[in-house]
Amino acid sequence: MGCSGRGGYRIGKILCLLLVWGLMPAVCGAEAEVAVEIQGLRDELLDNVRASLSLFRESAGPWLSPERIEVLHQQAPTEIREALEPFGYYRPEIEASLSPADETHPRWQAVYRIEPGDPLPIGRLDLVLSGDGREDPALQALASQWPLPLGATLHHPAYEHAKRELLRAVRNLGYLDAE
């Protein structure tokens, strides 16, 4: 029984794919490893930066090349800034360094030293009732109970939750077209 017919074609195709897959690192560039260190953050800030940082997410990838590491490192400060914004940190100071692998360090080293700075406080709040319900005492009472006071940190998840709850309460009062 030889490798002729459709079964032989399938086996040949699989062997060809395995061969190409095995050669991909050589064709696409040398494989590289990178260690990513994030300093200056804790808890939810650190978790969100790790989740948002492409270099951190791809650090264990099998196709990571030196060129890809450098590209991802260049975009890291932007990703870090965007990851901190939902928590009210809009002016972080970021010091980024990247060291290539060498004889003493078999992996690339990416270090991000982050000083998030002060969170942005809510400086002004305009909660306006308009339309049919603007004079409704029940709606005015809801608006006066807005849970994010002036001076509090602009924390996007809390803000979005407060908006959803206010809209739900307004609709429960019969204002079904409220937005």
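Mentor: Let us first settle what is being counted, since helices here are DSSP runs of H or I with at least four residues and strands are runs of E with at least two, both numbered from the N terminus. Please also keep in mind that this is a predicted model.

Trainee: Fine. How many helices and strands does the protein have, and in what order do the elements run?

Mentor: There are six helices and three strands, and from the N terminus on the order is α-β-α-α-α-β-β-α-α.

Trainee: What share of the residues is buried?

Mentor: Of the 179 residues in the protein, 26% are buried. The accessible surface comes to about 12,300 Å², and carbon and sulfur atoms account for 54% of that surface. As for the contacts with a separation of 6 or more, 63% of them are between residues 24 or more positions apart.

Trainee: Let's go to the strands. How do they pair, parallel or antiparallel?

Mentor: Strand S1 and strand S3, the latter covering residues 108–115, run parallel and are joined by six bridges, with Ile38 standing opposite Tyr112 in S3. Strand S2, residues 93–99, runs antiparallel to S3 and is joined to S3 by seven bridges, and here Ile94 stands opposite Ile114 in S3.

Trainee: Which salt bridge does Glu95 form?

Mentor: Glu95 pairs with Arg113, and their closest N and O atoms are 3.3 Å apart. Because Glu95 lies in strand S2 and Arg113 in strand S3, the pair ties together parts that are 18 residues apart in sequence. Glu95 is partly exposed at 48% relative accessibility, and Arg113 is likewise classed as partly exposed, at 35%.

Trainee: How many salt bridges are there in the whole structure?

Mentor: A search of the whole structure finds six. One of them joins Glu160 and Lys163, at 3.6 Å from N to O, and since these two are three residues apart in helix H6, about one helical turn separates them. Both are partly exposed, Glu160 at 33% relative accessibility and Lys163 at 34%. Another joins the side chains of Arg124 and Asp126, at 2.8 Å from N to O, where Arg124 is exposed at 65% relative accessible area and Asp126 is exposed at 53%.

Trainee: Switching to helix H2, which of its residues are buried?

Mentor: In H2, which spans residues 43–52, the buried residues are Leu45, Leu46 and Val49. They lie on the same side of H2, because the arc they cover around the axis is only 95 degrees. Their cover includes strand S1 (34–39) and helix H4 (66–84).

Trainee: And what does the face turned away from that buried side carry?

Mentor: That face of H2 carries the exposed residues Asp43 and Asp47. Most residues other than glycine have a negative phi.

Trainee: Why does Asp43 count as exposed?

Mentor: Its relative accessibility is 53%, and the cut-off for exposed is over 50%.

Trainee: H4 came up as cover. What about His73 there, buried or exposed?

Mentor: His73, which lies in helix H4, counts as buried at 9% relative accessibility. Leaving out residues up to four places away in sequence, His73 touches Leu55, Ala96, Ser97, Leu98 and Tyr112. That list includes Tyr112, the residue in S3 that stands opposite Ile38.

Trainee: Where is Pro116 found, and what is it in contact with?

Mentor: Pro116 is found in the loop between S3 and H5, and it is buried, with a relative accessible area of 10%. Apart from neighbours within four places in sequence, its contacts are Gly40, Leu41, Tyr89, Arg91 and Pro92. Pro116 and Arg81 are 35 residues apart in sequence, and their C-alpha atoms are 8.8 Å apart in space.

Trainee: Last topic, the surface. Which residues form the nonpolar patch?

Mentor: The patch consists of Leu125, Leu127 and Leu150, which together have about 260 Å² of accessible area. Leu150 lies in the loop between helix H5 (137–144) and helix H6 (156–172), and with a relative accessible area of 56% this leucine is exposed.

Methods:
Residues numbered from 1 in each chain as written. Predicted model: local features only at pLDDT ≥ 70, side-chain atom pairs only at ≥ 80, totals over all residues. Heavy atoms only, no water. Buried < 20%, exposed > 50% of the residue type's maximum accessible area, 1.4 Å probe, protein only. Contact = heavy atoms within 4.5 Å. Areas by Shrake-Rupley, 256 points an atom, 1.4 Å probe, with all protein chains shown as cover. Arc of directions from axis to C-beta. Pairing = 2+ DSSP bridges. Patch = residues over 30% accessible without salt bridge, like charges linked within 9 Å, V, L, I, M, F, W, Y side chains within 5 Å. Salt bridge = Lys/Arg side-chain N within 4 Å of Asp/Glu carboxyl O.
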